[in-house]
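Here is a short briefing to read alongside the sequence and the model. Please keep both open as you go through the points.

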Amino acid sequence: MSILLNKVSKKYGAQNIVREFSLEIESGELFVLLGPSGSGKSTLLRMIAGLTPQDTGEIYLNDRNVTALSPQKRGIGFVFQNYSLFQHMTAAQNIAFGLEILRVPKAERDERVHELLGLIGMADLGNRMPSQLSGGQQQRVAVARALAQRPEVLLLDEPFGALDVKIRAQLRQNLRDIQQRLNVTAILVTHDQDEAFELADRIGVIDGGELLEVGTPYQLYRKPQHRFTATFLGSVNLLAAERNGTTIHLGDKRLPAPPQTDHLAGQSVEMMLRPESVEIALTPENLEGHLLGSGIVESIAFAGVLERVAIRVQDWEQTVHALVNPDKARELNIRPGDHVYVGVRDFHLLPLN
Amino acid sequence: MKKFKLSSVFLLLILLSSFGFVQAQEGPIILTLAGYAVPREAYGKIIPLFQAYWADQHDGQQVIFQESYLASGAQSRAVAGGFEADIVALSQEQHVTRIADAGLITHDWQANGYNGMVSTSLAVIVVRPGNPKAINNWIDLAKPGVEVITPDPATSGGAQWNVMGAYGAAYRGHVEGYEAGAEGALQFITDVFTNVSVMDADGRESFLTFERGIGDAAITYENEYYAGLSAGGEFEVVYPTSTILIENPIALVDVYVDKHGTREAAEAFLEFVYTPEAQAAFAESGFRPPVETAVEGAEATPEPAVLDETRYPTIEDQFTIADFGGWAEVVPSIFGEEGVFTKMIAEVKGQ
Amino acid sequence: MREKPVRTFWPWLLIAVVVVYAGLLLLAPLVAVISGAFEDGIQPVLEAITAAEALLSLRLTFFLAITASVINAILGLIVAWVLVRHRFPGKWFFNALVDLPFVVSPVIVGYVMIVLFGRTGWLQNFPIQLAFSLPGMLVVTVFVSLPFVIREVMPVLASLTREQEEAAFTLGASSWMTFYRIVFPAIRHGIIYGIVLTLARALGEFGAVAVIGGGVQGVTETATIYIYRSLHDRNDIGAYSMAITLGVISVGILVVMNWLRRDPSEKGSQHVDPTE
């Protein structure tokens, strides 16, 4: 076990920032802590680093209880959202700083700095001052600096938050490569679901200081346990329904219950439909999945590779969103105001609470 | 490189300050003299004479003087407040009295045969070369259109002498057109101060203002006129027919000399300033000698220097502050918060 | 579309104001002092400036200015740190208090010191004699020049994110190491500029040191008191010569400090890799 958190809590005044947070992270794993701003994810990361003292609970890094240790002694690397490079030092000096603290001999230090500069693809830029580097370059220097001492754990606080969308994608891949090559255990904090999906071995969803659920990106996207997870990870249609036995009652429609939802038997539930699972047809016969009802097209919007269609379903007076591929949309030739049938290929159930 | 530069500067700073100031070593006697600004030149001549005299009498022992010259009133307050001067040489008796009242002078400092005074002078009028405004006596200062310069009696002890010179002359019936007595005298100085354009903080500053070309006439002291003259100034002195004899006190401060163990040297210096050589130095700087007072049982004092009549003419009606009851009476009744001068000046300058 | 600037007489008026203002207030006195000093050639100036009393007063001024700068650099840094980084009750009050030396007349500072530490003062039994003594002069010099380092360092310190220090902590640097290697280099310009201003202020101080020192020639007479006394004694050349000396020294300090302030990172122009 590389990182173990046991009931870690933090309060500011009367406000709970982090509440009895327990988590286990495997060695070499890249774990993404995903949550909206103010959810306590950064505070949690800072507590792991020792920068913010926790009120209660224990923190273990590689089976070592570090709960009472100062940040200097935890053996972690930390990448701050704004990088926090030392402005009066060159990129190379920034990277070398931690090694100097460890009194690594100069020759070895230079070699390590050279190696890290190569790893981040900045072999020729070691003599630049931070002010002479682009945002992306600064971010990579910050990562290299955090890795210089070969920490057991790398902690990253919104490391891509201040970058352009385009550079972000590039740097994510870069980070993932480095993390896997060095096989370092990492926790990355973000509010960006795309980032989480792309990088994470596992994602932990945090809201209001509590860990809601942990899973692979696929699990959390397709089969979340919480409504919050469902809505936070991409857009979703939620329809109130009943689960009776193995049948879902949605208005007058009957649908078979999906697997792994037996614990919700006999309960009021919400059907969770990802827009890409929703299909549209001009006649009920042309639907591949289950018929949900019929309605009027409200709007059609271009959404990149797909088109987003909003349909007002008459039976239960609710708008359902569907993502349709453009070919299909052209074939249907629908316009706002047209009458269509709505079906679903695949859905999940959430407890109603 | 950068680091080197910075630390080297810090090092330099610390090195520099370490060879900074060192207090004078033990061994010679150190006398601190707190004087008012004007007689600095005279003491500059007297002190070497005294040092030679003392060395001669005491196997070559050195006496080092630490001299401070400030406005008399400020100096007096400083000494009373803890400035440990062995000797004070001030412009006005009251300033020494303040130090005595603070308990620092415990002996009767006026019992030396000269009433504690070391030098005298006269309140006079100084005018531009050729006396273009025809100022020949006090009365002419009250004429309309004459711009008069004199220091501020609120801060300057010397200024109080000037005011008392004019006031006294009128009081004694020597200013035409003003009735003798307090009422006429007050009216006269009211008219004079209506003509006063600049009131500097001390006597020297006031006279320097006049030297720089401001004003038609300056009320100042005879010695200040001579000091200005020897510095190359061009102006003429006018002796009023009646004026006050300015008397400057000197005293040793018992508490401080005993604390410093300098009583013997300080007492010797206080005697030395009455020797002909010391008085000659005062005369050279424009001062008149102190007036000998016949105090019974007073020790024999050196002969006063003979006055050079051409340089120090006799005044028809010379009076002293004692004629008005001394400063102890004059200060509260004329210059105090409720004094007639203070009220008058507020009215004249306030209008 | 760029509008053609409208020419009116206003800019010229403003320029005229600047020229007259700078000329009358800065240049005219400078010319007067220099011409006054060299009225009789350079010999009297050299004699005046090498006179024993002049040299003693200069040495005292240097001692006071440099010592006060060192003290204020260290204490000012601590005060700035506490005011920026710590929260405590009454902080606003102390923050406002720092500016007190700017608004209180130095003469009053000197006088208050005498009232406090003088013969009949409240603190007359203070172990070090402050009234009419060198330590007292140092204390008032430190006091009147106190705000400079603090006010120069505070904004730099405030702009320095806490995260830079935290980054150093996570890299294993101790608090002291973090201060020395990370915080200090970032605020050193502020400190240096503060020291320059402190030095300049201390060199020029008159009222406070005159009152507390008693102006004893060769003992507690600083260069500025020497100038004042020289004017009083009709020693105009002595006064002007000393004024020029002080002026040259001040300019010299400014030049040296400007050289020190140069930052190697500012030498090159901003250069960002276009491939990013």
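The notes below cover the ground rules, then chain A, then chain B, and finally chain C.

This is a predicted model, in which local features need pLDDT of at least 70, side-chain atom pairs count only at pLDDT 80 or more, and totals for chains, interfaces and linings use all residues. Residues are numbered from 1 along each chain as its sequence is written, chains are lettered from A and ligands numbered from 1 in the order in which they are written, and side-chain values use heavy atoms, with hydrogens and water left out.

**Chain A: the open sheet**

- Four strands of chain A make an open, antiparallel sheet in the order 2-1-4-5; strands here are DSSP runs of E with at least two residues, helices are runs of H or I with at least four, and both are numbered from the N terminus.
- Strand 2 (15-25) and strand 5 (64-65) of chain A are the edge strands, each with a single partner, so one side of each has no neighbour in the sheet; two strands pair if DSSP finds at least two bridges between them.
- Strand 1 (residues 3-12) of chain A runs antiparallel to strand 2 of chain A, and seven bridges join them; Leu4(A) has Glu24(A), in strand 2 of chain A, as its bridge partner.
- Helix 1 (residues 41-49) of chain A lies across strand 1, strand 2 and strand 4 (56-61) of chain A, at about 120° to strand 1 of chain A; axes are lines fitted to C-alpha atoms, for helices over the stretch in contact (heavy atoms within 4.5 Å), and angles run from 0 to 180 degrees between N-to-C directions.

**Chain A: a hairpin**

- Strand 12 (residues 247-250) and strand 13 of chain A run antiparallel and are joined by four bridges, with Arg254(A) as the bridge partner of His249(A).
- Two residues lie between these strands of chain A, and Gly251(A) in this hairpin takes a positive phi near 60°.
- Buried means under 20% relative accessible area, exposed over 50%, and partly exposed in between (1.4 Å probe, protein chains only).

**Chain A: around Val297(A)**

- Val297(A) belongs to strand 16 (residues 290-303) of chain A and is buried, at 2% relative accessibility.
- The C-alpha atoms of Val297(A) and Val309(A) are 7.2 Å apart, although twelve residues separate them along the chain.
- Beyond four places in sequence, the contacts of Val297(A) include Val309(A), Ile334(A) and Val340(A).

**Chain B: overview and aromatic rings**

- Chain B has 13 helices and ten strands, and 54% of its 351 residues are buried.
- Over all chains, the structure has 41 aromatic pairs; rings of Phe, Tyr and Trp (its six-membered ring) pair if their centres lie within 6.5 Å, and planes under 30 degrees apart count as stacked, over 60 as edge-to-face and the rest as tilted.
- Phe210(B) and Phe235(B) form a tilted pair, because their ring centres are 6.3 Å apart and their planes stand at 50°.
- Phe210(B) is buried at 0% relative accessible area, and Phe235(B) is buried at 8%.

**Chain C: confidence**

- Chain C has a mean pLDDT of 85, with 92% of its residues at 70 or more; pLDDT is the predictor's confidence in each residue, from 0 to 100.
- Over residues 264-276 of chain C the pLDDT is below 50. Where pLDDT is low, the predicted coordinates should not be read in detail.
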